[in-house]
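Here is a short note for a colleague who is opening this structure for the first time. Please read it with the model on screen.

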Amino acid sequence: MSDVSTPTDHPPVTDWVNDFDHTDPRWTENPFPIWDELRAASPVVRTERFLGCYLPTTYEAVREIANDTDHFSSRRVIVRDVRPEVARNAAPPITSDPPEHKPAKQLLLPPFTPDAMKKLEPRVRAICNELIDGFIADGKVDAAARYTKYIPVQAIAHMLGIPESDSDLFINWIHMILELGIRDESKLVQAVQEMSGYFAGHVEARKAKPTDDLISYLMNARDKNGQPLEESHVLGSLRLLLIAGIDTTWSAIGSSLWHLAKTPADRERLLAEPELIPTAVEELLRAYAPVTMAREVMKETTISGCPVKPGNMVLLSFPAANRDPKMFPNADKVVIDRRENRHAAFGLGIHRCVGSNLARMEMQVAIEEWLKRIPDFRLDPAGSVTWSQGTVRGPRQLPVLFGKA
């Protein structure tokens with residue numbers, strides 16, 4: 001198969017159980033009833049689309065696959081129409097399998113500890129307030145375009161030591177990789193090349209003039225043999241941090257504001273009890289988990305009694321697992337004071353999200369600062385909410401009105 005393919009058209013789904021498609025507009029718009037239908041049919045379903053792909057529908061089936069690195073590989077983490085050759089050091093550690101995975105992941109843990117996040121928190125609060133300053137006088141805003149999108153972009157740029165003013169570049173690359181790249185391989189290739197060139201320039205500049213940021217941290221890191229990382233590993237990890245650090249949290253903050261805009265009782269409770277916000281964030285992460293990952297089946301096995309064969313991909317839907325009523329009572333309801341909440345929004349197994357402390361902090365701060373300054377807001381009936389397609393789901397347009405009706 002050639003490296004670059006033309007975009008393919010996907011016919012509409014008429015049978016979700018035997019022919020699902022996570023890029024179908026109905027899935028994008030409202031996936032929850034589809035997941036319920038699939039879960040009722042089987043713990044694992046399959047489609048011929050995407051060159052053959054399974055979907056585990058229950059928490060238990062998702063957990064089994066996430067914990068099984070013998071039969072399932074992470075070398076491809078997005079389900080797409082094509083499967084070109086796997087690049088080495090694509091985006092370690094998320095694309096790494098054992099034994100390479102552990103040292104690659106351990107390198108990335110220190111910059112994301114709770115203590116490191118406490119140091120970053122004042123900058124994130126300032127980012128939120130600078131953004132709100134830009135629209136608070138208008139009485140209405142597209143919260144996705146003017147607020148939720150820029151908080152994680154500017155925060156990760158700050159950590160990486162790259163200009164926050166390059167935000168729109170980063171956002172465009174992410175759109176090309178996570179959305180357009182599912183059907184159009186050339187867009188993905190172009191974005192990866194542009195990102196690599198961008199980061200290579202920043203790496204080069206730091207060779208002459210080291211800095212105190214994440215890029216220099218990776219340049220100074222050593223592998224398990226005490227050697228500096230290959231440049232391809234540094235660039236792959238930098239691409240991962242930019243992609244994984246932005247779209248995910250932007251989507252989670254956006255879904256949270258969407259929920260609060262249409263659920264006045266929950267909004268009023270958080271205004272009255274702001275100490276409940278961290279608990280509410282966990283429930284919003286469960287109910288609207290943004291990230292669906294992928295695995296590739298390497299050896300035949302069974303999952304929850306269903307045979308799974310090599311040559312297929314797996315759409316590893318943490319969001320569907322989070323809606324499994326066997327694991328979560330009232331799984332289809334948002335219960336903002338839910339106490340027991342072992343959700344899978346950050347993944348399960350060895351690939352659990354390295355940036356979970358950052359995402360939680362950004363969500364809490366973004367909701368706190370918004371509610372302090374815009375306590376009364378609702379969806380704008382004149383506008384429409386649109387959602388992103390594919391790997392990461394969140395609002396891309398979120399028109400809201402604020403102030404008294």
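Predicted model: local features only at pLDDT ≥ 70, side-chain atom pairs only at ≥ 80, totals over all residues.

1. Local features are described where pLDDT is at least 70.

2. **H12 against H13.** Start with helix H12, residues 231–262, and helix H13, residues 264–272. Their axes come within 5 Å and cross at roughly 105°. Angles of 65 to 115 degrees count as roughly perpendicular, so H12 is roughly perpendicular to H13. On the H12 side, the contact uses His259, Leu260, Ala261 and Lys262. H13 brings Pro264, Asp266, Arg267 and Leu270. By class, these contact residues are four nonpolar, one polar and three charged.

3. **Leu270.** Stay with this residue of H13. Is Leu270 buried or exposed? Its relative accessibility is 2%, and buried means under 20%, so Leu270 counts as buried. Leaving aside residues up to four places away in sequence, Leu270 touches Leu260, Leu276, Ile277, Ala280, Ile336 and Leu371.

4. **H14.** Helix H14 covers residues 277–287. How many of its eleven residues are buried? The count is ten, and the helix is mostly covered.

5. **H9 against H12.** H12 has a further packing partner in helix H9, residues 167–183. The two helices pack at an angle of about 90°, with axes 10 Å apart. That angle makes H9 roughly perpendicular to H12. Phe170, Ile171, Trp173, Ile174, Ile177 and Leu178 form the H9 side of the contact. Leu242, Ile243, Ile246, Asp247 and Trp250 form the H12 side. By class, the contact has ten nonpolar residues, no polar ones and one charged.

6. **Two cis peptide bonds.** Check the loop between strand S3 (72–73) and helix H5 (101–108), where Pro93 is found. The peptide bond from Pro92 to Pro93 is cis, with omega near 5°. Pro99 is found in the loop between S3 and H5 as well. The bond from Pro98 to Pro99 is cis too, with omega near 0°.

7. **Positive phi in a strand-to-strand loop.** Phe50 lies in the loop between strand S1 (44–47) and strand S2 (53–56). Its phi is near 55°, a positive value in a residue other than glycine. Leu51, also in the loop between S1 and S2, has a positive phi of about 65° and is not a glycine either. How covered are these two residues? Phe50 counts as buried, at 4% relative accessibility. Leu51 is partly exposed, with a relative accessible area of 43%.

8. **The largest cavity.** The structure holds two cavities of 30 Å³ or more. The largest has a volume of about 160 Å³. It is lined by 20 residues. Which of them lie nearest its centre? They are Trp27, Trp35, Pro290, Thr292 and Arg393. Helix H2 (25–29) and helix H3 (32–41) are the elements that give two or more residues to this lining. By class, the lining has eleven nonpolar, eight polar and one charged residues.

9. **The second largest cavity.** Its volume is about 30 Å³. Which residues line it? His22, Ile78, Val79, Thr292, Leu315, Gly390 and Thr391 do. Three are nonpolar and four polar, with no charged residues. Thr292 belongs to this lining and also lies among the residues nearest the centre of the largest cavity.

Technical notes
Residues numbered from 1 in each chain as written. Heavy atoms only, no water. 1 Å grid on protein atoms, 1.4 Å probe; cavity = no way out; pocket = protein on both sides within 12 Å on 5 of 7 lines; lining within 4 Å. Points joined across faces, edges and corners; volume = space filled by probe spheres on them. Helix = DSSP H or I, 4+ residues; strand = E, 2+ residues; numbered from the N terminus. Nonpolar A, V, L, I, M, F, W, Y, C, P; charged D, E, K, R; others polar. Axes fitted to C-alpha atoms, helices over the stretch in contact; angles between N-to-C directions. Parallel < 35°, antiparallel > 145°, perpendicular 65-115°, else oblique. Contact = heavy atoms within 4.5 Å. Buried < 20%, exposed > 50% of the residue type's maximum accessible area, 1.4 Å probe, protein only.
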